[in-house]
Amino acid sequence: MITKEEVVVDNLDLVFFDTELTGLDTKHEIIEIGFIKAKAKTFEVIAEKQIRIKPERLSEANPESLKIAGYSQREWEGAVSLTEALTDFLTYTDGAMLVGHNLPIDWLFLKKSMDECGLAPNFYYKGLDTFSLAWQKLYGTGVCKRYSLSELAPHFGVSMGKHHRALDDARTTYEVFKKLAAL
């Protein structure tokens with residue numbers, strides 16, 4: 001993990017990520033991580049990946065959350081353990097800054113899951129939230145009521161792919177971020 005003293009934020013690669021969850025309570029778990037890693041300053045895509053995770057407590061899952069995330073045993077046949085998924089994710093985040101839409105929820109579950117697996121963050125301790133950025137850039141324009149990805153994407157002409165699929169939402173976040181950064 002990089003320290004505060006060593007960081008020049010403008011030089012950090014960005015990892016746009018999204019998680020899909022079995023619910024929004026802290027007892028719930030991550031079942032999918034999608035991300036796009038982009039080069040600092042140019043936002044050129046370096047890598048992108050979707051990682052499906054075997055749920056360990058499926059009996060505690062919120063059925064509506066599973067439906068929203070598109071969970072099915074068939075689609076999750078090749079899913080990996082949480083530890084394997086996070087270890088893989090961390091190979092892409094070293095020294096980078098995380099970016100998400102409504103970042104606190106994804107960050108909370110990521111941190112909780114890393115603690116459960118005995119893993120430490122290797123990414124910068126601050127992140128960027130496109131929800132906050134959109135509010136700051138578009139407040140008072142009447143463009144959005146909730147500043148959700150499903151409002152922002154069409155406003156900026158961004159294709160959403162399959163909404164509530166981690167990689168598609170990470171792609172949407174990446175594209176919306178670029179549009180917001182250009183305002």
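Is Arg 165 buried or exposed? In this predicted model, Arg 165 has a relative accessibility of 8% and therefore counts as buried, the limit for that class being under 20% relative accessible area. The side chains of Arg 165 and Glu 75 meet in a salt bridge, with a distance of 3.2 Å from N to O. Because Arg 165 lies in the loop between helix 5 and helix 6, and Glu 75 in the loop between helix 1 (63–69) and helix 2 (82–93), this pair ties together parts that are 90 residues apart in sequence. Glu 75 is partly exposed, its relative accessible area being 29%.

Arg 165 also forms a salt bridge with Glu 32, for which the closest N and O atoms are 3.8 Å apart. Here the loop between helix 5 (149–156) and helix 6 (166–181) is paired with strand 2 (residues 30–38), which holds Glu 32, so that parts 133 residues apart in sequence are tied together. Glu 32 counts as buried, at 0% relative accessibility.

Asp 168 counts as buried at 17% relative accessibility, whereas Arg 171 is partly exposed, with a relative accessible area of 31%. Through salt bridges that share partners, Glu 32, Arg 52, Glu 75 and Arg 165 are joined into one network. The search of the whole structure finds 11 salt bridges.

The largest nonpolar core contains 21 residues, of which Val 15, Phe 17, Ile 33, Phe 35, Phe 89, Leu 98 and Leu 110 touch the most other members. Two or more residues are given to this core by each of strand 1, strand 2, helix 2 and helix 3, and helix 2 gives the most, with five residues. For Phe 17, when its neighbours within four places in sequence are left aside, the contacts include Gly 34, Phe 35, Phe 89, Leu 98, Leu 110 and Ala 170. Asp 106 and Trp 107 are also among the residues in contact with Phe 17.

The largest pocket holds about 570 Å³ of space. It is lined by 22 residues, and those closest to its centre are Glu 20, Leu 24, Asn 102, Ile 105 and His 164. Strand 1 (14–21), helix 1, helix 3 (103–117) and helix 5 are the elements that give two or more residues to the lining, and strand 1 provides the largest share, four residues. When the lining of the largest pocket is divided by class, eight residues are nonpolar, nine are polar and five are charged.

Asn 102, one of the residues closest to the pocket centre, has a positive phi, near 60°, in a residue other than glycine. Asn 102 is placed in the loop between strand 4 (97–100) and helix 3, and it is partly exposed, with a relative accessible area of 39%. A positive phi is also found at Lys 41, which is not a glycine and has a value of about 75°. Lys 41 belongs to the loop between strand 2 and strand 3 (45–52), and at 60% relative accessibility it counts as exposed.

Note on methods. Residues are numbered from 1 along each chain as its sequence is written. This is a predicted model: local features need pLDDT of at least 70, side-chain atom pairs count only at pLDDT 80 or more; totals for chains, interfaces and linings use all residues. Side-chain values use heavy atoms; hydrogens and water are left out. A salt bridge is a side-chain nitrogen of Lys or Arg within 4 Å of a carboxyl oxygen of Asp or Glu. Buried means under 20% relative accessible area, exposed over 50%, partly exposed in between (1.4 Å probe, protein chains only). On a 1 Å grid over the protein atoms alone, a cavity is a set of points where a 1.4 Å probe fits but cannot get out, and a pocket is an open set with protein on both sides within 12 Å along at least five of seven lines; lining residues have an atom within 4 Å of a point. Grid points are joined across faces, edges and corners, and a volume is the space filled by probe spheres set on the points. Ala, Val, Leu, Ile, Met, Phe, Trp, Tyr, Cys and Pro count as nonpolar, Asp, Glu, Lys and Arg as charged, and the others, Gly among them, as polar. A nonpolar core is a set of buried Ala, Val, Leu, Ile, Met, Phe, Trp, Tyr and Cys residues joined through side-chain atoms within 4.5 Å. Contact means heavy atoms within 4.5 Å.
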